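Please read it beside the sequence and the structure shown here.

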Amino acid sequence: MEQGRVRANGFKYRDIFMRTSKIALSLACLGMTVSCGGGGSPTPSPVATTPAPTPTPSPTSTTATCSLENRQQFAFDVLDEWYLFPNLLAAGVNPDNYNTVQGYIDALVAPARAESKDRFFSYITSIEEENAFFNQGSSAGFGFRLAYDLDARRVFVAETFDNTPALGANIERGTELLGIGTTSSNIQTVNSLIANGGAQAVINALGPSDPGVTRVLRINDASGVTREVSVSKADYALDPVPRYGAQIIDDGGKQVGYIRLTNFINPAIDDLRDAFADFRAAGVTELVIDLRYNGGGGINVNEFFGDMMGRDLDGQVFETIAFRDSKSEFNETYRFNAQPESIAPTRIAFITTSGSASASEALINGMQPYIGNDLAIVGENTFGKPVGQSAFDLPACDDRLRVVTIKLENANGNGEYFNGLATTVPNTCRAQDDLRYNFGDPREDMLATALDFLAGRTCTPIAGGPATTQSTGRDLLQPERATTVLEHEAPGVY
């Protein structure tokens, strides 16, 4: 149901009511230099707020409607009315000093960023690209996620996605990328690229994210074989619960449910429903939920994931969502809504890294009051993003403005984990992202440690603090600042 309204500043927007929400919300981690990315989606379940519907005829970017001045004014008006931290908006910022909308936004929210409350979480992106990503997982590239070790000047494949050019070339998790070229004769070594230009030089060598872009890659397979392979980028859809992502592990006669979720996007809902139906049929009560690298996504997917673990929690509080005081009429509380596939877990180990953010953190935080001391995070501390964004659209310009508008808390009122969840959860277990084994393999260090926790064995705790890694020194390969939907939502994916 759509309902048109006119705001005092002259912008018109729609409210699309698809559950009880009143505005389109998203959870993700944006713009972190090393290991966290993500935004959020205008998903079918939450509400969307869309200012300035497309005029007729639609102006182009060369018209006055889409001039830099008008787009900057649009950003200012939205931030002025909706920003979660109105007292942390910079005053007197002259838009004429900035030649991009994003630069102007960054200047306006600089005081909040200085307090680590908006680490580039407010940004402008493309409506078309974002909708395609969140509704279908649409992307273009080789189809792998890369991690790098800056000191050692090495790049590795952290994961390969289903039905992608990379997987078709037998490039799997654990493969080392040794060199990149447009032909075999001009391959540059990764060592030299990093030495001369850092991580960005490797990103540049991989080329733009356009279908048909071809690179010759010199790789060292996980099996130790060095070879060259020509791979062309193509359109593909990310599967949020991939081929290795949902299974039942026999751990010494005990059935443990394992789920790896790569993104909180709409296609995950059916995948989660199928996985939990299998868990319920098998009588599974202990879970390993693998959220490493998962920077967030739609609140509706996060809440549905909670529902899948709420068999005995129907009607109890999963999370509260609060806007700034002047928008408190939009506040809401989400309560568990048990489904036929829901289970009642007794112990949960969440696998996390410093790339696990926002919706990933909200899921863990929402379950904590009910699982208590039988809950742990395993691997590394999370990023620390207890806030979310709303979507504001300027359709004529294909502009979607993602602005921090909400804060989230669990049933116990916990919602200030800006330094990650390590100091707020009852148990933590330190483990490395073990590229020698694929996800779901009980020999992989993070999964092995998670199974140890479920079995009651001791582990080494994770130290608290912002983005504490304590691992191998590898970070996801990503630009210093995200500029595309894929970079925001799936850091390290090419």
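Contact, as the word is used below, means heavy atoms within 4.5 Å. The model is predicted, and the protein in it has 11 helices and 24 strands. Of its 494 residues, 58% count as buried.

**Overall make-up**

- Among contacts in the protein with a separation of 6 or more, 72% are accounted for by residues 24 or more positions apart.
- The accessible surface of the protein comes to about 17900 Å², and carbon and sulfur atoms hold 46% of that surface.

**Helices H1 and H2**

- Helix H1, residues 68–82, and helix H2, residues 101–108, have axes that come within 9 Å and cross at roughly 30°; because angles under 35 degrees count as roughly parallel, H1 and H2 are therefore described as roughly parallel to each other.
- The crossing in which H1 passes H2 is right-handed.
- On the H1 side, the residues that meet H2 are Leu 68, Arg 71, Gln 72, Ala 75, Phe 76 and Leu 79, while H2 contributes Val 101, Tyr 104, Ile 105 and Leu 108.
- By class, this contact of H1 with H2 has eight nonpolar residues, together with one polar and one charged residue.

**Burial of H2**

- H2 is mostly covered, with seven of its eight residues buried, namely Val 101, Gln 102, Tyr 104, Ile 105, Asp 106, Ala 107 and Leu 108.
- The cover over the buried residues of H2 includes H1 and helix H3 (110–114), and it also includes strand E4 (123–126) and strand E22 (399–409).

- The axes of helix H7, residues 268–282, and H8 come within 10 Å and cross at roughly 10°, which makes H7 roughly parallel to H8.
- In this pairing, Ala 268, Ile 269, Leu 272, Arg 273 and Phe 276 in H7 meet Asn 300, Val 301, Phe 304, Phe 305 and Met 308 in H8; the residues of the contact of H7 with H8 divide into eight nonpolar, one polar and one charged.
- Helix H8, residues 299–308, also packs with helix H9, residues 359–371, at an angle of about 30° and with the axes 10 Å apart, and H8 and H9 are therefore roughly parallel to each other.
- H8 passes H9 in a crossing that is right-handed.
- Asn 302, Phe 305 and Gly 306 are the residues of H8 that meet Ala 359, Ala 362 and Leu 363 in H9, and this contact has four nonpolar and two polar residues but no charged ones.
- Phe 305 in H8 takes part in the contact with H7 and also in the contact with H9.

- Phe 350 is found in strand E19, which spans residues 347–352, and Phe 350 counts as buried because its relative accessibility is 0%, where buried means under 20%.
- Leaving aside residues up to four places away in sequence, Phe 350 touches Ile 289, Leu 291, Leu 363, Ile 364, Met 367, Leu 375, Ala 376, Ile 377 and Val 378.

Conventions
Residues are numbered from 1 along each chain as its sequence is written. This is a predicted model: local features need pLDDT of at least 70, side-chain atom pairs count only at pLDDT 80 or more; totals for chains, interfaces and linings use all residues. Side-chain values use heavy atoms; hydrogens and water are left out. Axes are lines fitted to C-alpha atoms, for helices over the stretch in contact, and angles run from 0 to 180 degrees between N-to-C directions. Helices (H or I, at least four residues) and strands (E, at least two) are DSSP runs, numbered from the N terminus. Angles under 35 degrees count as roughly parallel, over 145 as roughly antiparallel, 65 to 115 as roughly perpendicular and the rest as oblique. A crossing is left-handed if the near helix is turned anticlockwise from the far one by less than a right angle, and right-handed if clockwise. Ala, Val, Leu, Ile, Met, Phe, Trp, Tyr, Cys and Pro count as nonpolar, Asp, Glu, Lys and Arg as charged, and the others, Gly among them, as polar. Buried means under 20% relative accessible area, exposed over 50%, partly exposed in between (1.4 Å probe, protein chains only). Accessible areas come from the Shrake-Rupley method with a 1.4 Å probe; for residues, only the protein chains shown count as cover.
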